[in-house]
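Let's take a friendly walk through one protein model. Have the sequence and the 3D view ready, and look for each part as it comes up.

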Amino acid sequence: MKTAFICFFPVFPTNMGSAEVVRSLFLCWPGQKKIFQISHLNSIKKNNIFSLKIFKEDPILKILSIPIIIYKILKYLGKTKKRLIIIEGPSWIGYSFISLILIKIFSPSTKVIYHSHSIEFEVRKMTSSKFMAFLSKKLEDFVFKKSDLSTSVSKLEISKIKKLYNTNCINLKNGVSRKILKFKKKKFYNFKYIIYCGSYKYLPNKNAIDYLVNVLMPKLNKKFPELKLVLTGGGYEKKKNYIVNFGIVSKRKLLNLIYNSQLMVIPIDKGTGTRIKIIEAMLIGAKILTTKKGIEGISFNKKKFPI
């Protein structure tokens, strides 16, 4: 079988949680395979990666790029009898909708898997206008129903998708390959800190960071005046004497920071899918403090990872 993964965001190089899921799935996938990504970052030259470079992260540029990347995918798959395209879901559902339409028109015999990372409609309800949420719901309904197979990350999300779209999904839990969790455990900073990882531009992260900065840290500093809050992921601009803002960091540095923290604190009350950074932190043996929402959808061995 020949498989093409289509991603509307950079998987290589990146340190996004969704990209780690795609990378891990790609590493495990059998047969001939290749990733086709739309990326505003520097191109990666590898035989199993095709990167379509756009000037900046822009929805219009991505939409215009989709016919080109579908053409490249169909050319790669060629006349192979067993052809499979996996549409990766952590982007606006409109991109998946357009891709699915083009695939069905120009290569109807090619099988399509929609790999859902979350419920797009729920994301848009939190972050976009009512019209965009309504449109996303209609497009997501189509993608789930017209794909040859669709997946979801947990039993909870499967039940939600069934109620929303009357569609049955396969449970494909998010996972992270240990092969991409290589880092040095040596402590490079001589101060104690708690850490939060995530872009401030995403609403659930914004709410969590605002809580940490404005509520939790002032209370903690009364008893632990030397304790710092380390932020990674970018987007936060305010200055505080107890904030160490690293912005966007490399994967190895991020894992080192998480491993050496006093706690990775994730006080979220909104979000969909599962939190990849929690899965990664569990795998490297970090200490985690989170909410029920934070651990939602993640199943684990309670003896190995006690709550």
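A disulfide is a pair of cysteine sulfur atoms within 2.5 Å. With that in mind, this predicted model can be searched from end to end, and the search of the whole structure finds zero disulfides. Cys169, for example, takes part in no disulfide, as the nearest cysteine sulfur belongs to Cys7 and is 19 Å away.

**Cysteines and burial**

- Residues under 20% relative accessible area are called buried.
- Cys169 counts as buried because its relative accessibility is 11%.
- Cys197 has a relative accessibility of 12%, so Cys197 counts as buried too.

- Strand β1 covers residues 2–7, and six of its six residues are buried, so β1 is largely enclosed by the rest of the structure.
- In a regular strand, side chains alternate between the two faces of the sheet.
- Which residues cover the two sides of β1? On one side are Lys2, Ala4 and Ile6, on the other are Thr3, Phe5 and Cys7, and all of them are buried.

**Partners of strand β1**

- Strand β2 (residues 32–39) runs parallel to β1, and six bridges join the two strands.

Terms used
Residues are numbered from 1 along each chain as its sequence is written. This is a predicted model: local features need pLDDT of at least 70, side-chain atom pairs count only at pLDDT 80 or more; totals for chains, interfaces and linings use all residues. Side-chain values use heavy atoms; hydrogens and water are left out. Buried means under 20% relative accessible area, exposed over 50%, partly exposed in between (1.4 Å probe, protein chains only). Helices (H or I, at least four residues) and strands (E, at least two) are DSSP runs, numbered from the N terminus. Two strands pair if DSSP finds at least two bridges between them.
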